[in-house]
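Dear colleague,

Please find below the structure that I am handing over to you.

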Amino acid sequence: MHSITKRAFSLASKVSVLPKETQLFINGKYRDSSTASTIPIIDPRNGEQLTEFQAASTADVDAAVKSARTAFDEGPWPRMSGKERGKIMMKVAELIESKQEYLAQLETLDNGKPIFFSRVADIPLSHEHFRYFSGWADKIEGTTFSHDQAFGKHFGYTIEEPIGVAAQIIPWNFPLLMAAWKLGPALATGCTVVLKPSEKTPMTAIALGEIFQEAGLPDGVVNIIPGYGDTGAYLAQHRGVDKVAFTGSVTTATKIQRNLGIKPFTTELGGKSPIIVMDDCDVETAAQLSTWALFFNHGQCCCAGSRVFVHEKIYDQYLDATVKLVEARKLGDPFTEVDQGPQVDKIQFDKIMGYINRAKEGGVPLATGGEQFGDQGFYVKPTVFHDVPDDAEIFREEIFGPVMGVAKFSNEDEVVRRANDSDFGLAAGVFSNNVHTTNRLSRRLKAGTIWVNCYNVFDDNAPFGGYKESGVGREKGKGALSNYLQTKTVVHPLSGEVGWYR
């Protein structure tokens, strides 16, 4: 049974921490918006306003870009040695770690995720990401090559240079971690940044300003400007920006792309990730891990395993095990010992409930959940639909909520075809005890990450990104540096002679 105590709901009216800073962070200082416009911050536990943040205007975007532009063109950051940049980035990591409890409470208050996950996942992964990329800062190097076409009288080499001012637009589901994923490689390469966090969850991004000050990051290297969609659109199109990195929806990415021209643009977008449960797997383990794959972070995860294909021989056994696990999940105030808190806001709550209600009205069988939980806040009962048709809306579109769809299959060729029949290709999961099966499926599935007998296992060294409409480029790992670098070729004569001819 879903459970929540009266104490949990009574706690929803109490706030143990509020953000110290609510202003924009531009050129190394906190400042008000030029128009005094604000963003109301709503407590997802009860729908009440907690505080408000400054909202960036177009004039504020101009100021932030000018600050980043000056810091790149005239400041010390891109001219420092990689070792010096790495030391400052390491200090950033240490400061995030030292403020871990404060940041974890902000993250939970802002987003609604259980405090346990903020403490053991979101904040630790964030400081580890800065730590990881601090180590790359002094290891960015070019190559040398022979230049034989001009009579063998020249040699060449390449220089990997920072691309310039990066506009980075991040989502609300993992606010601090998504900032770290973007900022880490950009700073390691010597770029400067204008970061726009989501208007839904600006708390921890703005808190980074104080950390950057303490770490000794030069003024203007990172500027942080919360704002609505029009702020992000204006930033992305700004002539002072050299590169745009975006994490969010396909719809928004498409709008940005239309107006960018040939400006470099990397994206990490949505997913509708399939999980394949073969009949030779351990059913209980598959049920536990596929439940984790979908309901982690309340389903608000781009790689959530929301399409579960189960072999017909074990279908009923799997479904029974999954429903028991889902119904045992504890919902309630995320500052208490629960598995799931509220969705991030009313917009997302209404979107999720819309998908659920249309599926029920369309006759898709409901195994459990499918309702609002409680009488306040944005809580959705973890939901499982079964025998879901491949053309059902909940099997085609990204819901970004705690809604799992389960369907049965008969053979490998069939399930590969159905799993790949999606506009997305971010991740996939495979559960089987046969190594030949897992090897085949890992190669046949069209997705950027394939988890075998596990799910949601991340490492800073492991590239993350998608095929098809799930995005362009990769976050994390050495390859993420290339998002913020451009290659320059330099050619020299081998002798003092000028020219290529004789």
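Strand β13 is covered on both faces: R307, F309 and H311 on one side, and V308 and V310 on the other, are all buried (under 20% relative accessible area, with exposed over 50% and partly exposed in between, for a 1.4 Å probe and protein chains only). Because five of the five residues of β13 (residues 307-311) are buried, the strand is largely enclosed by the rest of the structure. Strands here are DSSP runs of E with at least two residues, and helices are runs of H or I with at least four, numbered from the N terminus.

This is a predicted model, in which local features need pLDDT of at least 70 and side-chain atom pairs count only at pLDDT 80 or more, while totals for chains, interfaces and linings use all residues. Residues are numbered from 1 along each chain as its sequence is written, and side-chain values use heavy atoms, leaving out hydrogens and water.

β13 pairs in the parallel sense with β12 (residues 274-277) over four bridges; pairing requires at least two bridges found by DSSP. V277 has V310 as its bridge partner in β13.

Elsewhere, an open sheet of three strands has the order β5-β6-β22, with antiparallel pairing.

Yours sincerely
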